[in-house]
Amino acid sequence: MTKNRELSIFIDESGELSAPCQLNSCKDAFYVVSLVFHNQHADISGLIDQLNYGLENMKIPCISRDHALHSYNLIRGERPYQPLSLQERRKLFNKTVDFANACAKVGISGRTCIIDRRQYCDPNPARNGECQMPESGRKTMEDAIRDWLDDFICNNRDSLRTFDTIKVYYDNGQKWLGDLIHESFNRNVVEDELVFKEKVSPSQYKLFQVADLLCTYSLLREKRAVSDYTNTDMRFFDTSFRRRRGNDTKQGNAAKQLFDTTAMDGRIDILTRRFRNLTENPIPRTH
C-alpha cells in the first residue's frame, strides 16, 4: 500500500492592517504573511529534539524545552522575555535561526507576502505624525494578500497536486486572515486533499517558530533596504554607535549619539545568507 504523501503548510503573520503608520518611517509600516512548507517525508524529529534539548540545557527561567520562540518579541524584550538579559535573548534568537537553517537543509521552504501599508493610509498626518488607515485602504490590502495567495497556489499547483493530503496550519490569530486562507485554499485546491488545522498552538508545532522568524527576517530586510532601524533593533544586534557633534554644539549641547547603520546592515546581510536556503528552496513535491 502506498504511503500517504502529505504536505504541511504553516502560516503566520506580523503587523496589523488597520493600525496608524508614519509615512517617513519603517516602524510598523509593513504587514507580512509567511508560509512554511514541509514535505512530511522529510523527518525533522531529530532537529526538534536537538532544539528542545538546547533550550532545556540553557536553563533560562520561563523557557522550557517545549517553548515556542517568538523572534520579534525576543528583539523587543516583550512578553514573556522581559525578565531576560539581552545576552539571554540573543542566545534564544540564535537558537531559532539555527533551527530554521537546519530545517532548510532538509528541504523545508518558506515564502512571504509583504505589504507596505504606507501606500494605503491617509496621506495627511495628524500632529503626532501618524496617518490613519481608512477602511478602503484596509480592503485594498486584504485584496492584495488574497491575490498574492491565489497566484501563489495557482503557480505551484503542479507541485501541490503531487500530495495526497495538504494540511494548512494557522492559529487563527487574526480571524479575517483565517477566513481569507480558507477561501483561497478551498477555491484553488482539490477539497478532498485539503485539511485545515485551526486554533493550534505554536508550542505544538516547531515550524510555526520558523514561520514567525521568517516574518521577522522579512521586516528586517525591508528596513535594511533603506537603513531605517529602531533603536531596539540596533541594541539587540549589538551594533556599535558613533559620535557626531550637532551643528549647535557652540550653544553647549552635548554630543549626539548615533548608531552605525552600516554595521547593522552587515548584521542583516549575514541573516540573509543564513536564510538563503529557506527562501530559495523550491516548493516541495513528491516523485
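Visitor: How many residues does helix α4 have, and how far does it reach?
Guide: Helix α4, residues 135-155, has 21 residues, and from its first C-alpha to its last it reaches 30 Å, which is close to the 30 Å expected at 1.5 Å a residue. Please keep in mind that this is a predicted model.

Visitor: Which residues of α4 are buried?
Guide: The buried ones in α4 are Gly 137, Arg 138, Met 141, Glu 142, Ile 145, Arg 146, Leu 149, Asp 150, Phe 152 and Ile 153.

Visitor: Switching to helix pairs, how do α7 and α9 pack?
Guide: Two packed helices are described by the angle between their axes and the distance between the axes. For α7 (residues 207-226) and α9 (residues 261-280), the angle is about 135 degrees and the axes are 10 Å apart. That makes α7 oblique to α9, and the crossing of these two helices is left-handed.

Visitor: Which residues make the contact there?
Guide: From α7 the contact uses Val 210, Leu 213, Leu 214, Tyr 217, Leu 220, Arg 221 and Arg 224, while α9 brings Asp 265, Ile 268, Asp 269, Leu 271, Thr 272, Phe 275, Leu 278 and Thr 279. Sorted by class, the contact of α7 with α9 has nine nonpolar, two polar and four charged residues.

Visitor: You listed Asp 269, so is it buried or exposed, or something in between?
Guide: Asp 269, which is found in helix α9, has a relative accessible area of 28%, so it counts as partly exposed.

Visitor: What about α3 and α7, at what angle do they pack?
Guide: Helix α3 (residues 86-105) and α7 pack at an angle of about 105 degrees, again with a stated separation of 10 Å between their axes. That makes α3 roughly perpendicular to α7. On the α3 side, Phe 93, Thr 96, Val 97, Phe 99, Ala 100 and Cys 103 meet Leu 207, Gln 209, Val 210 and Leu 213 in α7. By class, the contact of α3 with α7 has eight nonpolar, two polar and no charged residues.

Visitor: Now the loops, where is Pro 80 and what is its peptide bond like?
Guide: Pro 80 sits in the loop between α2 (71-76) and α3, and the peptide bond from Arg 79 to Pro 80 is cis, with omega near 0 degrees.

Visitor: Which phi does Asn 172 have, and where is this residue?
Guide: Although Asn 172 is not a glycine, it has a positive phi of about 60 degrees. Asn 172 lies in the loop between β4 (165-170) and α6, and with a relative accessible area of 29% it is partly exposed.

Visitor: And Ser 227, what is its phi?
Guide: Ser 227 has a positive phi of about 50 degrees, and it is not a glycine either. You will find Ser 227 in the loop between α7 and α8 (231-236), where its relative accessibility of 28% counts as partly exposed.

Technical notes:
Residues are numbered from 1 along each chain as its sequence is written. This is a predicted model: local features need pLDDT of at least 70, side-chain atom pairs count only at pLDDT 80 or more; totals for chains, interfaces and linings use all residues. Side-chain values use heavy atoms; hydrogens and water are left out. Axes are lines fitted to C-alpha atoms, for helices over the stretch in contact, and angles run from 0 to 180 degrees between N-to-C directions. Helices (H or I, at least four residues) and strands (E, at least two) are DSSP runs, numbered from the N terminus. Angles under 35 degrees count as roughly parallel, over 145 as roughly antiparallel, 65 to 115 as roughly perpendicular and the rest as oblique. A crossing is left-handed if the near helix is turned anticlockwise from the far one by less than a right angle, and right-handed if clockwise. Contact means heavy atoms within 4.5 Å. Ala, Val, Leu, Ile, Met, Phe, Trp, Tyr, Cys and Pro count as nonpolar, Asp, Glu, Lys and Arg as charged, and the others, Gly among them, as polar. The expected span of a helix is 1.5 Å times one less than its number of residues. Buried means under 20% relative accessible area, exposed over 50%, partly exposed in between (1.4 Å probe, protein chains only).
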